[in-house]
Amino acid sequence: MLTVRFRRSTLGRMRLSPKLGSMAREWTGIQQFPLATQTKLLELLGKLKEKERDSLTILVMGKGGVGKSSTVNSILGERAVAVSAFQSDVPRPVMVSRERSGFTLNIIDTPGIVEGGYVNDQALDLIKRFLLNKTIDVLLYVDRLDAYRVDNLDRQIVKAITESFGKEMWHKGVVVLTHAQLTPPDCLSYDEFFARRSEALLKVVNSGVRFKKREIKGHSIPVVLVENSSRCNKNDSDEKILPNGTAWIPSIVETITKVATNESKSILVDQKLIDGPNANDRGKLFIPLILAFQYFFVVKRVQNWIADDIKKEPKSPWE
Ligand SMILES: Nc1nc2c(ncn2[C@@H]2O[C@H](COP(=O)(O)OP(=O)(O)OP(=O)(O)O)[C@@H](O)[C@H]2O)c(=O)[nH]1
Ligand SMILES: [Mg+2]
């Protein structure tokens, strides 16, 4: 493995990640977690290494302000990316790389692709260019748990992600719901509320991706809960827990490792993928149809008119 060491005082301990050619700082944030969480995370990293995975690249996408950057920071255990309650000034993607015992974790945080009720094509283009030639192992599609409605805009975002990176990206997808420390409305139990919110959102995701029923049955997208607030409740081991008692950091990391190692291939974002399927051949499928249309509606009609004209023409006396 290519290893470049720098003086700790200036850059911290960094390694050159061979896959992405980027610098990875030592993942010190992991030590900020309570011991129980650290143990579970190291166990999961061990499982990945058993499967000969020495790196993971996670792409984080979603609407503006839903908690994408906060989730990145929570998983890393440090304030690696900027969090803001208000729209950031220079929205651009950022990749954070951390290294731990030969394992590199890359997380790509992106700006919200929906602002003011529209899918922001400029933000999407920027993300596409940033991802060029990177391989994505997991897509975290982030939204909030404490939203009671889904609408066409949700479908539009999913459609935009699918059009940019292909349907297969969703086989590497995890739906993440932030603001998970809530008291459900209408006397619903927490688990009931979570189930209903996930069902509604997954329905929109599946229709935005245009998954067929068979595809949904064979491969449902997992939904995980996140509470980024520092006021998140904790268990006896000091781990941040959800209202249903689950320690959510080990839980989201476990889901991420499962999806990263599922039967679907990771997604290489190359120019061909960005241009869309057969960009040059687009429309070729319609050529026979257009020719048939021309034959029956143009050529045939003109021929009939000529035949009619010939019939109508007064016969010459010498015929
Ligand atoms: N209570 C609570 N607040 C959260 C949670 N996640 C994020 N926030 C807050 O929501 C605001 C937006 O969070 P960000 O993490 O910056 O959201 P983002 O999706 O990265 O936003 P953009 O990058 O601007 O699209 C901040 O004020 C966060 O503190 C959460 O799980 N619970
Ligand atoms: Mg952000």
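**Charged pairs**

Reply: Lys258 is exposed, at 55% relative accessible area (exposed means over 50%, buried under 20%, partly exposed in between, with a 1.4 Å probe and protein chains only). Keep in mind that this is a predicted model, where local features need pLDDT of at least 70, side-chain atom pairs count only at pLDDT 80 or more, and totals for chains, interfaces and linings use all residues. Residues are numbered from 1 along each chain as its sequence is written, and side-chain values use heavy atoms, leaving out hydrogens and water.

Me: OK, which residue does Lys258 meet in a salt bridge?

Reply: Glu254, at 3.8 Å from N to O. A salt bridge here is a side-chain nitrogen of Lys or Arg within 4 Å of a carboxyl oxygen of Asp or Glu. Glu254 is partly exposed, at 34%.

Me: How many salt bridges does the structure hold?

Reply: Eleven. One of them joins Glu239 and Lys40, with the closest N and O atoms 3.1 Å apart.

Me: And is Glu239 buried or exposed?

Reply: Glu239 counts as buried because its relative accessibility is 3%. Lys40 is partly exposed, at 33%.

Me: What about Asp154 and Lys63, buried or exposed?

Reply: Both are buried, and their side chains form a salt bridge at 2.9 Å, N to O.

Me: New topic: what is Leu145 in contact with, skipping neighbours within four places in sequence?

Reply: Its partners include Leu177, Tyr190, Phe193, Arg197 and Leu225, where contact means heavy atoms within 4.5 Å.

Notes:
Chains are lettered from A and ligands numbered from 1 in the order in which they are written.
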